[in-house]
Amino acid sequence: MRWFWLTFFIVCPIAAVVFCVIAPGMDWWFPSEAGSPLGERIDSLFNLILYIVTGTFIGTQIALVYVLWKSSKKDDERAWFSHGSHNLEVIWTIVPAGILLFIALYQMDVWAEYRVVSKFPKEARKAPVAEVMARQFEWRIRYPEPGRILQIQQQPTDLYAVNELIVPAAKPVMIYLKTQDVQHSFFLPELRVKQDAVPGQIIPVWFEATEPGEYVLVCAELCGWGHYKMGARVVALAEEQFEAAMEELAEEQSDDGFADAGDSDDE
Amino acid sequence: MNDSSIKKIAFLVLLPVLVIGLCLTGAGCGGGANAVTTVTLKPATLDSDSVEGTTTGGGGTPGGNGSPETSGPGNLVGRFIFDGTAPNLSPLVAKGATVKDAEFCSAEAVPNQSLLVGEGGGIANMFIYLDKAPKGFKPEGGLSELVFDQKNCTFIPHGLVVQVGQTVMVKNGDGAAHNTNMKVIRNKSFNQVVNGNDRNGVPLIYGKPEPAPIKATCDFHAWMGGYHLVVDHPFAACTKADGTFEINNLPAGEYKFRVWHESVGLLERSLKVKIEAGKDNKLEQTYSVGSFSKL
Amino acid sequence: MSIRRKSNILFVLACGFLLAGCDAFSPPDAEFVVREETDQLTSDVSKAVEEELESSFGNPHQLVAWLKLPVDFGGVTGATEESTLEGPLNKFPVKFDPEADDKFVAQFQADDGGFNFGESGARLDWMTGEYAGKSMHVIGYDSESQQLTTKEKVEVPPAAGDTFVLSAGETLKSGRALYMEHCLHCHGVSGDGNGPTAQYLNPRPRDYRLGQFKFKATKPAEKVRQEDLGRVIKYGIPGTYMPSFLLLADEDLHAIVEYVRWLSMRGELEYRVDQELVLASGLTNEIIAERKSDGDEDAEIQEEVDEAVAYMPTMFDELGDQLAESWLLAEEEESLIVPAVARVEDSFESRARGRKFFLEKCTNCHGHKGRGNGSMTEDFQKDEETGELYAEPGLFDIWGNSIKPRNLTKGLYRGGRRPVDLYHRLYGGIGPSKMPNFATTDPKILWDTVNYVLHIPFEKPGEYTEVDKEYFESKKKSGGDEDKAAEQEATPTESEQTATGSTESSDQG
Amino acid sequence: MSVAHSVSHDAHGDAHGHGHEQSFISKYVFSTDHKVIGIQFLVTTLLMLMVGGALALGVRWQLAFPWESMPLVGRLLFSGEGGQISPEFYTMLFTMHATVMIFLVIIPILAGAFGNFLIPLMIGADDMAFPVLNMLSYWFMWPAIFCFFASFFSAGNGAAAGWTSYPVLSALPQAAPASGMAQNWWLVGVTLVGVSSMMGSVNYMTTIINMRAPGMTLFRMPLTIWAMFITAILQAFALPVLTAAGFMLVADRLLGTCFFIPAGLVVNNADPTVGGGQPLLWQHLFWFYSHPAVYIMLLPAMGMVSDMLANAARKPLFGYKPMVYSMAAIAGLGFIVWGHHMFTSGMNPALGMTFMTSTMMIALPSAIKTFNWIGTIWGGKIEFNTVTLNSVAFVSMFVVGGLSGIFMAAVPVDIYIHDTYFIVAHFHYVLFGATLFGLFGAIFFWYPKMFGRKMNEGLGKAHFFFTFLGANGTFFPMHLLGVAGMPRRYADPYLHPYLEHFLPMNQFMTYSAILMGCAQFLLLFNFAYSMFYGEKVGRNPWKANGLEWTAPSPPGHGNFDVLPVCYRGPYEYSSPLVEEDFLLQTEYLSPPDKAEPVKEPEHA
């Protein structure tokens, strides 16, 4: 029985580690390489913590099984009568404290760049591309007319879209995030962006898609029975294509159905 | 301790049973969105043996109109009489009442026509008709154009018999627009704004007979109401103010007529009438207050 | 009592539990609900109706593709070619219809270039020829000689030109699956707008079973087009719980649209049949009871009932034809509303004209400021079915739901916010609601109105004071004296200058 | 006074002194005896554990077989739809799963069941300070349970705003329409649970401070007692906040106040909301309770595991005082880390940094405890019985839960993994992996004291084996789902292409969950079975040192037959002073006993 349980307690952690090691190969890992500069830094922080944690995990588990093995030997010597060791206590208080503090401080600037408005990239802050309004259960998007600046108030010339946010690629962009009803959360897994849309607030969010392409946009805060339905996409386009897309949208928005009438029949 | 090992065995048996059982239900799941579905085809055309009877455009069960001898046509002349004191119904809109478009709608009081009893107790706006054309009847073309007018926010006439394919000009004698809305059942919806003082009118043509008289309303003036009886044969009539009507050129034979009044619906489902060739067959029906109990 | 016996008992109990459980655990069958009108029919007739429905549309688990209906049920269509092969054989050359060809490849070609029809083979239904109505199973295809191989051997090869469908109903099937996944919990299994979630939604989900839809680009009397439904599903309906399904793949979207149209036709057919049987034949329990009390003898009634039952297939056939015709017509060029003139330049003058038209035609429902609070919303309306007045004031749609005229100050346009969308609303009206159509109005005026309506949310207080004055003057001259209050509301006061629509109750319906 | 009292009937040393005079009702139902109450709590919560588990299986089912007929439920509620559940039913499932598990299982089983049963026994008191209050604290559970179940049966079957019930979703009835009345029931239920545990905590504090046996100094208390003590303090300080917040939310729902509802929201086409409330306020208040609550759900288990490990290893606890201090530190820090639940909520970014630091720091005491547990086993004489296995499992799983916590403590990383399955994995490792395994161990360890019989080892090991496998099989893959960015509370994640390929993994997790669920039947059976057929044992089956082992098992009314006097700490295992490898706290060693001089009872 003893060996059974010893192996049991060593196999489980090993299985866990193996599981994690093969995960990226099995596509059980991040949905993709981080698609934004900030995302890359977040990933590197993640990995840093991952290494530290894995080390600790393996260390503790091995220690645990080791002491189990030692102390479950069948012999008739008494257990070691000891109330602990002051030095050890000191060591394993100081060392983790140091590591943890290091991790904490090491994160500060990324966080600041991500959230502190005054630290946002200038060009992004100057010209927000769109207002994203979450509602049960979709994303309603409002762009300024090409060549204008987005206003907080609706404008007659504004352009509207739903579930598709078009942004220029390879440059930082800022959006105004708001919600019409309950709390939602603006989550771009590939760009490592997440920000709750809090009722009654207009929250500026910035991100940058390094490569042109389509990115997933989902809701990450329980917003009612249709929470899972709130799938949308962010389309990052090269500058000029972005302009074109906006023009196209403006075109589509002012469609009066007359042009495509081959022969206009009048009632 | 050894009986505990027995228990262990007993349970290492029992547990897999539970587990496998529950997992099987997993395998046995389905239903809902992922349920297995099959699609079978049904041919577009009905295989002839299951076809029964002939029909009119609208479907509806074939009426039991007996086979007429072809010994020339006869006419049906009749009258519906109200037995009892005619109720005097207060007008739908009193004169000078402040309603929408008052200058037209309450210039005159708008009468309540849901039961009009003329002199001698004749009941107006009664529809009498065959629900099916008699067998072998050929509709002839050249139907005259009818007018369905709106004046003082009332429909004129209140009841109108229309044949399939016949043109009805919906006109407007008021300064204000009306939105004439026919509550069709088999036909395409007609829901049309008729501009003020539009004397040319908007054409309305029915493609199919209706199973029963259909109501005409105006979405702008909720009280307005009129009735069209749409048939695919000429053997239908709407009684005049004195309750009289006549239906001409009926092939002689046994008929089951339907009698309909707006405040009741069908008064007679199969009013049996024998038409003899070459003469005016008389018909006089009397209805007591009771029949109009819905009022 | 020894543990062995006890554990045995437990063992038995467990097995019993599982066996009992298996039934409770086995999935129940989804069902299409029956209209209450159908239920009110006398039992024989209603039974006949239900049977006929079953045979024409099936149930959620055995769908029936009624080829009469103008629905793309999916599957690969084609015809046999002239063949030299003789005697009992299971090979014959075929030619697929043009666009069906790549459909075939997409569906059956395996990665290795060969063709895979599954172990039981793909079903092949003959449409014409001597095998019409029969089905075989395709197990192979040879792309050079373009020959299909079937499991069944036949003495006489199908004549050249016989048409067939391969794995019919694919689209319907996937439509059903997608519908069950995305739509069912609001719109219900049978599209009656009464799924489990429906009761909590405002406005209630659409009930397809009248064959009527609000937002369509076709002329007033026409049905809805596939494209219209597609737009609604793709972009959702702002101001309701209908979300946007923009991310659906095109073929999925198509499948859902087709399934919805199919459900809609099913429901409408049932509705029409009921109408016939109630109004024309009067075979409801109620009426029959009445007639019996009036002394009609049972034999006569029974006769009618039998007639109706015997006649049921024909009635379905005919009404089905009519239905198919009307739905087909909707897709035709001439059913589409096309503005006769291009949009009028959006200017103050144009909007002023629009405002005038608005004052004449729209204020009863939409109110003088377009807040959806016109006088009609306070009156009691009549229920067309019963002829009774509704319990509460306000407007009702054909589904009997209370609706509010759109509050135009919100800038929410459920049918779409493109000018052409609003033009469609005006020209075609919104049949199922009380919104009338203005097909007879001068298109220029309609465009003016569109410009005005689009501008209402941004209207400055008192912008149209002049127009309003003029309008009310003219009304007074013509003796109209009712609109004091309206005039007050329309012409801005000091308080109005600052008031905004923000605290207006939002719109419904 | 209490001591005098205990003396008075210890004098005529009849353990069952008052037993005969009591009617069945007053002895077993409305009993004021802490042991009976404790066992009542234990049985109730074990049943609730099964309910919560069933709800969890419902969730797992939907995730493994989305929109397919759900067993039983499908037939009962959704037969028309072919048994496929509705999305709001799913939201209800996970909401009520969390609610039941947290408020009706973990909190009451730790504080209610074991707190009640152990505190007086371990400190050598004859009962709680306020026996009637104690009884009430149990009977207030039932109205709470009633409310939660009422919410099951009201429209939409159940509260569906998540157990955190964030406004506006929870504050506007039309926002989560499915849970109209249910949400009100839910809030009332939570308040009642609060009342119950508040009664408990007051009682525990008083008892532990005032009623310790002579010689039982604070630093001679077993860690279990320390844990219970600190937990009681946490509850006493945190609960009022939740209760207040709960009342505010109820007011928002029923009285039209707008504490949490900003103006101008249009939900489900209702009129726009008026009055400028602040949704974030709820989050602050809620987490100000619920973060300490996390430790309320953990500390007692830590304490009990410390006792069990020392006993299993036949060895003094490694670093008794550091353990006590670190528990105190956890409690203290626990009050200033609630913000780490709100990193993405749009609160002041500066707060993000402070909360990150404090959160990192709270990982420290946990680390210390872990090392000490390992140190305790180190050089011990251990035998793999059920108690040991569960305790070791506690340590090993707590390590996973603790380490994954560091990811979330780091704000930038949390931006990504917040509200993904990574979080779900984390707290399931802490609450299930750690706490529940600790509890299983505790049940096996103190069962003899409760019923005078041992639970069956074979069944116990089988239960442990399957539960441990099932738990890891269910919860470990969740880390990967989290890293892949799968958000929580999705009824159908496969709607989103980037998650489609996780269906097989979810099915694997569901099967593991089913296995785990089945394994719990073993526990229940073992529990019921051993009550009658378990192997009879004497007072001290585990050769342990605590005071409770000097009382008869099961202890009669009044617990001890002689007034226990405490001479030393609870962990003097394998002391060189005595032959056998344990040394009861009450055992007086005549000088030369270098252990410790006998202290006078503090409050004699």
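How many residues of chain D are in contact with how many residues of chain A? In this predicted model, local features need pLDDT of at least 70 and side-chain atom pairs count only at pLDDT 80 or more, whereas totals for chains, interfaces and linings use all residues. Residues are numbered from 1 along each chain as its sequence is written, and chains are lettered from A and ligands numbered from 1 in the order in which they are written.

**View 1. Contact between chain D and chain A.** On chain D, 88 residues are in contact with 83 residues of chain A; contact requires C-beta atoms, placed from the backbone, within 7 Å.

**View 2. The side of chain D that touches chain A.** Elements giving two or more residues to this side are α5 (87-123), α10 (279-296), α12 (320-334), α13 (349-377), α14 (386-409), α15 (411-417) and α17 (457-483) of chain D. Helices (H or I, at least four residues) and strands (E, at least two) are DSSP runs, numbered from the N terminus. With 16 residues, α13(D) gives the most. The side comprises 59 nonpolar, 20 polar and nine charged residues; Ala, Val, Leu, Ile, Met, Phe, Trp, Tyr, Cys and Pro count as nonpolar, Asp, Glu, Lys and Arg as charged, and the others, Gly among them, as polar.

**View 3. The two parts of chain B, domain 1 (63-134 + 238-295) and domain 2 (138-232).** Their bounds come from an automatic or database domain assignment. The domain centres, taken over C-alpha atoms, are separated by 19 Å.

**View 4. Contact between domain 1 and domain 2 of chain B.** Here 18 residues of domain 1 are in contact with 19 residues of domain 2. On the domain 1 side, α2 (102-105) and β3 (127-129) of chain B give two or more residues, and α2(B) gives the most, with three residues. This side divides into eleven nonpolar, two polar and five charged residues.

Conventions. Two residues are in contact if their C-beta atoms, placed from the backbone, lie within 7 Å.
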